[in-house]
Structure formats: structure tokens, C-alpha cells
Amino acid sequence: MTKIFFTPGPSQIFPSVATHLKNALKKNIFSISHRSKKFHEIFSQTSYSLRKLLNVPNNYSIFFLSSGTESMERVLENCVRKYSFHFVNGAFSERFFKTACQLKKKAIKKEVDWGEGFDFKSVAIPRNTEMICFTQNETSTGVALRVEDIYQVKKTYPQKLIAVDTVSSSPYANIDYSKIDCGFFSVQKGFGLPAGLAVMVVSPRALAKASRLDKGNFSLGSYHSFLELQKYAEKNETPETPNVLAIYLLGKVAHDMMKVGIDKIRKDTEAKAKLLYDFLANNKKFKPFVTDVSVRSQTVIVADIAGVSEKVIKLLGKQGVIVGAGYGKYKESQIRIANFPSISKRETKRLIKLLKRCARGGSRTLMRLPS
Ligand SMILES: *Cc1c(COP(=O)(O)O)cnc(C)c1O
């Protein structure tokens, strides 16, 4: 049975990946040197496609790291001497905050309940804060911060650096990078690629901050400091032997997405999200976890399903449809549905049909469904 993965990472593979993978083998991508001209071409093609797809300004740097989690650490190591500020409303924003604490920064957090957004105007950010950290799409709860709110915070605090985690919203999230300093995402979510690669977009101001810290005899870490990454990126290289295959595949998929058109990808994402939220709103047994419509994520939809999460996941699984469990304390009571570009509208409709039968007829009905 072919399976379809609505899991919020790793997730359904982008349809063209199989072909690109075969071509990569044919082209000996696994064996080429990461200092060769061939690799320089791959590096520059992938950077170029990402820059075009996501509208990254030319004076911003693009670095390749190994994961979203690594990206949190790098941002803090390179841009924060001591004081970071974090908006926390779920497990990933909490991890960002915790990472700062582990690095012995003086991190402060504004925390709200899971499933909620923030009233940014009411938050006073201390004067000594060097960087403000946002998790734009909180994958554990399905809350997405409005990008305009993030820009407004930047406007209120123009001297502070802004870091934005878009791990589970890129490429859907339409970020104006000129208004932020560090943006990062890993590729096993919205890009529909195997895990093991992350992309970090860095502003000239963030680079200058890293440089100042370095000159002040402050440790930025070693091979993946922004300064090392920049030095190598200028030669279309990475400091270490990177995940060459992943960089190659990302370049190909970013190019394919450009051919589809980023506007179409975003519109399709919204149309599919609407189908899912409409279903949840009109169903008595299941309901959307996030009540404030204005902060509902378009890419990770979280449903309260009245304590039958495990059963529903199992039954959907029998139909080859894989959805995510609730996160942490909501494992039993919720399911999480990824709405990434790799999943078609037809597949989303099929999921909804199965969920409908699940809610209506209970588990017996679902088990009798033909696959
Ligand atoms: C998945 C995720 C991460 C962690 O990314 P990894 O690549 O698994 O390290 C960080 N932030 C958010 C919002 C995520 O969804």
C-alpha cells in the first residue's frame, strides 16, 4: 500500500525527489569532493534557487547547517553576548529559550499557554536585550505568529536583532527578510526532503555583530561560526564535508517549486488548510485546538479529538494515511496534520473523508473502509 505522510516532519516527500535522487546517483553526487568545481556549482545553484524562491536580499548570506535545532544554537552563539528574549508558546519556542540557557546566556521569556498567540503590544522587552527570538510556526500547537506582528516588534525595537524560526512554515511563510536578521528552517518539513539539512539566512547586521563579538575575544563556537560559514560560502563551500546530496536535492526541489510558482504554492496551502479547518469547525467530535482564527497555522493543523488520538492514528494508518500525534501532554487528545506543499488537495480531501467517517461511525466503520 502506498502511504501518505501528513506528519509534521519528517513528512511526505516532494514528488520529484525520486527522480532527482536517481539522477544524483548517476552523476556521482555521493562521491564528488566538496572542494571540487562540481560541488561549487551545486552550492551556488541551491543558494541561487533559495534566494529566488524565498526572495532573500542579495546582501544576506545563506548558510547550510545540519538541523533546525543546530540553527537555534548557532543564532544564539553568534549574535548574543549575554541577553536574549524569547516568545514561548509551545515545545519548540521553549527549546529555543532552553538552548540560550544551556549556552549560559541571560535569557528571558514571555510565555503564554499552548494554543495561544501573543499580545505583542503589552510586552516590554528589556533595554539590554540583544536579540529577540520568535518561533513563527509553533509545530507543537499549530499557532502561527503573524509576520506583520514580528515586523512591528522590529519597528518598536530597531536596534535589536530579530531571529525567526520558520522550520515548519517555510516555504509557505512569506518572510520579508529585510525586516529580520536570522531566519532558519530545516528541510524535512515544508520542503518535503529527507532530514539532515537546515538553511540559515543571515543579515549583514547579524554578521557584523558576530564579527564584533569575535574581535572582543568572545567565542562564537568553531567550524560553524557565522564568520567561518561566510568565509567558505564566498567560495561556494562549507567548512566541513557537508551533506552534499541534501544540498543537491534542496536546490532541485527549490527550482521545481519555483516552476510551480511560490504564489500558487501559498494559495494552494491556504485552500487545503481551509478544507481542514472547515471540516473541524463543522464536526461535533473533532475541533480545532487553536481558537483564535488569526493565529491558526496554515501548515500544521492541530485538532482536539476527544481522547481518541491513538485509535484514530491507528485506523488511519491502516488506510495508509499517517498523521502526527499530539505533542507532549496532548499526545492522547490531539492529532497534528501537516499541510505541506508535497500533499495534494485530493489527498487532503481523502484524509477529511476518512476523518469524517471516523467521527461519525466510530472505529468499526473506518476499519471496514476499502483502501
Ligand atoms: C522540527 C522543528 C525544529 C527542529 O528542527 P530539527 O531539524 O528537527 O532539529 C525547530 N523548530 C520548529 C518550529 C520545528 O518544527
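This is a predicted model: local features need pLDDT of at least 70, side-chain atom pairs count only at pLDDT 80 or more; totals for chains, interfaces and linings use all residues.
Q: Which helices pack against H6, and at what angles?
A: Start with the terms. Helices (H or I, at least four residues) and strands (E, at least two) are DSSP runs, numbered from the N terminus. Axes are lines fitted to C-alpha atoms, for helices over the stretch in contact, and angles run from 0 to 180 degrees between N-to-C directions. Angles under 35 degrees count as roughly parallel, over 145 as roughly antiparallel, 65 to 115 as roughly perpendicular and the rest as oblique.
Now the case. Helix H6 (residues 204–215) packs on helix H7 (residues 226–233) at about 120 degrees, with the axes 9 Å apart. H6 is therefore oblique to H7. Leu207, Ala210, Ser211 and Asp214 of H6 make the contact (heavy atoms within 4.5 Å) with Phe226, Leu227 and Gln230 of H7.
H3 and H6 have axes that come within 8 Å and cross at roughly 60 degrees. H3 is therefore oblique to H6. On the H3 side the contact uses Glu77, Asn78 and Cys79; on the H6 side it uses Ala206, Lys209, Ala210 and Leu213.

Q: Is glutamine 230 buried or exposed, and what does it touch?
A: Buried means under 20% relative accessible area, exposed over 50%, partly exposed in between (1.4 Å probe, protein chains only). Glutamine 230 lies in helix H7. Its relative accessibility is 18%, so glutamine 230 counts as buried. Beyond neighbours within four places in sequence, glutamine 230 contacts Ser61, Phe63 and Leu207.

Q: Where is alanine 144, and what does it contact?
A: Alanine 144 sits in strand S7 (residues 143–144). It counts as buried because its relative accessibility is 11%. Not counting residues up to four places away in sequence, alanine 144 touches Gln136, Asn137, Val295, Arg296 and Ser297.

Q: How many salt bridges does the structure hold?
A: Side chains of opposite charge can pair when their charged atoms come close. A salt bridge is a side-chain nitrogen of Lys or Arg within 4 Å of a carboxyl oxygen of Asp or Glu. The structure holds 16 of them.

Q: Which residues form a network of salt bridges around Arg74?
A: Salt bridges link Glu70, Glu73, Arg74 and Glu77 in a network. Arginine 74 meets glutamate 73 at 3.2 Å, N to O. Arginine 74 is buried, at 10% relative accessible area. Glutamate 73 is partly exposed, at 28%. Glutamate 70 lies in helix H3 (residues 68–79) and is buried, at 10%. Beyond neighbours within four places in sequence, glutamate 70 contacts Leu65 and His224.

Q: Which salt bridge partners does lysine 109 have?
A: One is glutamate 94, with the closest N and O atoms 3.0 Å apart. This pair links distant parts of the chain: lysine 109 is in strand S4 (residues 106–111), glutamate 94 is in helix H4 (residues 91–102), and they are 15 residues apart. Lysine 109 is partly exposed at 31%, and glutamate 94 is buried at 18%. Glutamate 111 also forms a salt bridge with lysine 109, at 3.2 Å between the closest N and O atoms. Glutamate 111 is partly exposed, at 44%.

Q: Where are the backbone features to check: cis peptide bonds and positive phi?
A: Most residues other than glycine have a negative phi, and most peptide bonds are trans. Here, the bond from glycine 9 to proline 10 is cis, with omega near -10 degrees. Proline 10 lies in the loop between strand S1 (4–6) and H1. Serine 170 and proline 171 are also joined by a cis bond, with omega about 5 degrees. Proline 171 is in the loop between strand S8 (161–165) and strand S9 (182–186).
Asparagine 55 has a positive phi, near 55 degrees. Its place is the loop between helix H2 (37–54) and strand S2 (61–65). Alanine 306 has a positive phi of about 50 degrees. Alanine 306 is exposed, at 63% relative accessible area.

Definitions and conventions. Residues are numbered from 1 along each chain as its sequence is written. Side-chain values use heavy atoms; hydrogens and water are left out.
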